[in-house]
Amino acid sequence: MSRPLEGKLAMITGSSRGIGAAIAENLASKGCNIALNYTSPSSTSIANDLAAQLTSSHNIKVVPIQADIGSPEGPAKLVQDVKSAFSSDNTFQIDIIINNAGIAQNALLPDVTIPQFEATYRVNVLGPLLLVQAAQPYLPKDRSGRIVNISSVSSSTGFVTQSVYGGTKAALEAMTRTWSRELAQNATVNAVNPGPVEGPMYASNAEVFLEGIEGWIKHTPLMKAQEGDVKDESLPDGTRAARTGEIAGVVGMLCGTEAGWITGQVVSANGGMVMLH
């Protein structure tokens, strides 16, 4: 039986671990070939192992590609490396782009530095913009393309210590809406905004942040732990974070043919966390 994304090509930034790796697994299981991007040389072996596992499990082509999305030349380099790896008979098309790479350097207002601001905006905002800019000539011409930007509930919740990070995610959501118009003949463009997700990025938050988000977590319907859920020490008792596979499932849905009439939207993948508007 044909798989829903058979033969398509997805380019996923920051995909050697965490949410990015889970998205790669989700799309690969649907027959999609994967350009597996990572930034640091220390992630090379992890990316190679993931590529080998996905290739073996799903009989697809997976190529790990190192490129720093936060550098001025990184996004264009990634697109060119993907083209070199996947072009065939002088034809090349990028069907899916997942802007997942992101960093958070959280600090209370008096402690925010210019280097923190610049680094976070380079990776979280400028990187996705330059990547889509470089990839635009290779997008489909029939609206079958899919671009999904990984945002965060921090774009609109005003959590303490997130002046910079929250601002970058709000900017990403603004670009999502603009690109949905500019790229309407090529691709749908949507964002997904998770709340707390399992893994070291959330656990590394400062105590003042964890205290501030506690009330939100306790009132989020799907974050109530069930029997057998693993205790997460950074979360209040009786609660759990989202699994990376659960976020990947929402992204995978947006990449399917059935989601062709959804664009310019921010899809809440936060377990029902109440948002402030």
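Buried here means under 20% relative accessible area, exposed means over 50%, and partly exposed is anything in between. Keep that handy as you click through this predicted model.

Start by selecting Glu246. At 38% relative accessibility, Glu246 counts as partly exposed. Arg240 itself is buried, because its relative accessible area is 13%.

Stay on Arg240 and bring up Asp229, its partner in another salt bridge, at 3.6 Å from N to O. This pair links distant parts of the chain: both residues sit in the loop between α8 (207-218) and α9 (244-254), 11 residues apart. Asp229 is partly exposed, at 26%.

How many salt bridges does a search of the whole structure find? It finds 6. For one more, hop to Glu6 and Arg3, where the closest N and O atoms are 2.8 Å apart. Glu6 is partly exposed at 42%, and Arg3 is partly exposed too, at 23%.

Next, select Cys32 and Cys255. Their sulfurs are 7.6 Å apart, too far for a bond. Cys32 is buried at 0%, and Cys255 is buried at 4%. The structure holds 0 disulfides.

Last stop: pick Leu108, Val160 and Val208, which make a nonpolar surface patch of about 210 Å². Leu108 lies in the loop between β4 (96-99) and α4 (114-135), and is partly exposed at 40%.

Note on methods:
Residues are numbered from 1 along each chain as its sequence is written. This is a predicted model: local features need pLDDT of at least 70, side-chain atom pairs count only at pLDDT 80 or more; totals for chains, interfaces and linings use all residues. Side-chain values use heavy atoms; hydrogens and water are left out. Patches are made of residues with over 30% relative accessible area and no salt bridge: like charges are joined within 9 Å, nonpolar side chains (Val, Leu, Ile, Met, Phe, Trp, Tyr) within 5 Å. Accessible areas come from the Shrake-Rupley method with a 1.4 Å probe; for residues, only the protein chains shown count as cover. A salt bridge is a side-chain nitrogen of Lys or Arg within 4 Å of a carboxyl oxygen of Asp or Glu. Helices (H or I, at least four residues) and strands (E, at least two) are DSSP runs, numbered from the N terminus. Buried means under 20% relative accessible area, exposed over 50%, partly exposed in between (1.4 Å probe, protein chains only). A disulfide is a pair of cysteine sulfur atoms within 2.5 Å.
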